[in-house]
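Work through the exercises below with the sequence and the 3D view open. Try each task before reading its solution.

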Amino acid sequence: MSSQNTPLDYTAAGVDYSKIDPLKILAQQAASATRGNLAGHGVSEIAASRGESAYVMDIGGTLIASITECLGTKALVADAVRPLTGRTHYDSIAQDTIAMAVNDLVTVGATPLSVHAYWSAGGSDWFADEQRMRDLVAGWQKACDVCKVSWGGGETPALAGVVEAGRIDLAASSVGVIPSRDRLTLGDKLADGDAIVLLASSGIHANGVSLARKLAERLPEGYATKISDGRLYGEAVLDPTVLYVPVTEALFAAGIVPHYSANITGHGWRKVMRHPGSFTYRFNMVPPVPPVLGFIQQHAGIDDREAYGSLNMGAGFALFVAAGQAEETARIARAAGVDAWVAGRVEAGPKQVVIEPLSLTFAADELHLRA
């Protein structure tokens, strides 16, 4: 089999969790050992938030959540696609960067309040491209407005020799408040019989992009290849990540507090089982697959197991709610502009994800870390 026909999995794209996870484990152990440092400030951590998507502290009875996330390699796609479309697409990847942070923050029941930017360029020349710079700023501000958060500031270092010349590394941190302990969502309420509501993704979002980039190298026309919806492959890869904050805020306003939430990013649908308990997550339907993800699966030659185990495949976020609130949850999400489906249920049993329409099962040991 030639290299052109060899299936492209995530490891072949340069992302090997077996090599990354030991560092994460070491860091988590060291981080946990620092929790006692808070006591001198009259602050305590919410211990159950360790290993979740955001860290929560109790400051005099006020619960504060925080998170830091990076965009990853999507900026490389924007740079490669710009000559094809005449757009920088940095307004879109600004939204991606913020989404990576706030979509994690809301999983613990937080309302995001502020965002800080980290834009690290390979040299001062990067900032001389006025159109690209303006698009990045405009996209960042727009995403903040959608989420109703304040852009508090940030850092813009020029790191020649650390970041490649002509490139930029984008990251964001976010802080939020959980206004009452009733809103704290760390999984203690998750139970047998809960419904799983899936929220639609817009496409690849910002995970699996290394795989998408590797595929572009194989395509005769690269990012200019047309996909089934008539758009360029590269243009479709750059569709911005959905901001789920309006959905969770609308749910809270309606008095619906999920029993648990999962941002379906790295590890694909395996992320559904990030809760530490032993539950089976059984799906009786799957959402429509966005054309760009169907294209990636077909042309990368990967099967459903690899696709659903690495990519979101149309589901960007999972809400675990009481069965009686499932339909209303989906309705509220749609009213907030995000398609949603009551797609499955939580069952007592071995920790696994079962996708019945595809005859797929992911076991607990396939989710490398709850990080």
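**Exercise 1.** Is W126 buried or exposed?

*Solution.* The model is predicted: local features need pLDDT of at least 70 and side-chain atom pairs pLDDT 80 or more, while totals for chains, interfaces and linings use all residues. Residues are numbered from 1 along each chain as its sequence is written, and side-chain values use heavy atoms, without hydrogens and water.

Step 1: take the cut-offs, which are under 20% relative accessible area for buried, over 50% for exposed, and partly exposed in between (1.4 Å probe, protein chains only). Step 2: W126 has a relative accessible area of 3%, so W126 is buried.

**Exercise 2.** Classify the ring pair of W126 and F127, then the ring pair of W119 and W151.

*Solution.* Step 1: rings of Phe, Tyr and Trp (its six-membered ring) pair if their centres lie within 6.5 Å; planes under 30 degrees apart are stacked, over 60 edge-to-face, and the rest tilted. Step 2: the centres of the W126 and F127 rings are 5.5 Å apart and the planes stand at 75°, so this pair is edge-to-face. Step 3: for W119 and W151 the centres are 5.8 Å apart and the planes at 55°, so this pair is tilted. W119 is in strand β4 (residues 111–121) and W151 in strand β5 (residues 150–155), 32 residues apart; strands (E, at least two residues) and helices (H or I, at least four) are DSSP runs, numbered from the N terminus. Step 4: W119 is buried at 8% relative accessibility, whereas W151, at 32%, is partly exposed.

**Exercise 3.** Describe how helix α2 and helix α3 run relative to each other.

*Solution.* Step 1: the axes of α2 (residues 74–85) and α3 (residues 90–105) come within 10 Å and cross at roughly 170°. Axes are lines fitted to C-alpha atoms, for helices over the stretch in contact, and angles run from 0 to 180 degrees between N-to-C directions. Step 2: the two helices are therefore roughly antiparallel, a term for angles over 145 degrees. Step 3: K74, A75, A78 and D79 of α2 meet Y90, I93 and D96 of α3, where contact means heavy atoms within 4.5 Å.

**Exercise 4.** Which residues does D239 contact, leaving aside its neighbours within four places in sequence?

*Solution.* Step 1: D239 lies in the loop between α6 (233–237) and α7 (245–253). Step 2: its contacts are K74, D96, S202 and R231. Step 3: D239 counts as buried, because its relative accessibility is 19%.

Conventions: Parallel < 35°, antiparallel > 145°, perpendicular 65-115°, else oblique.
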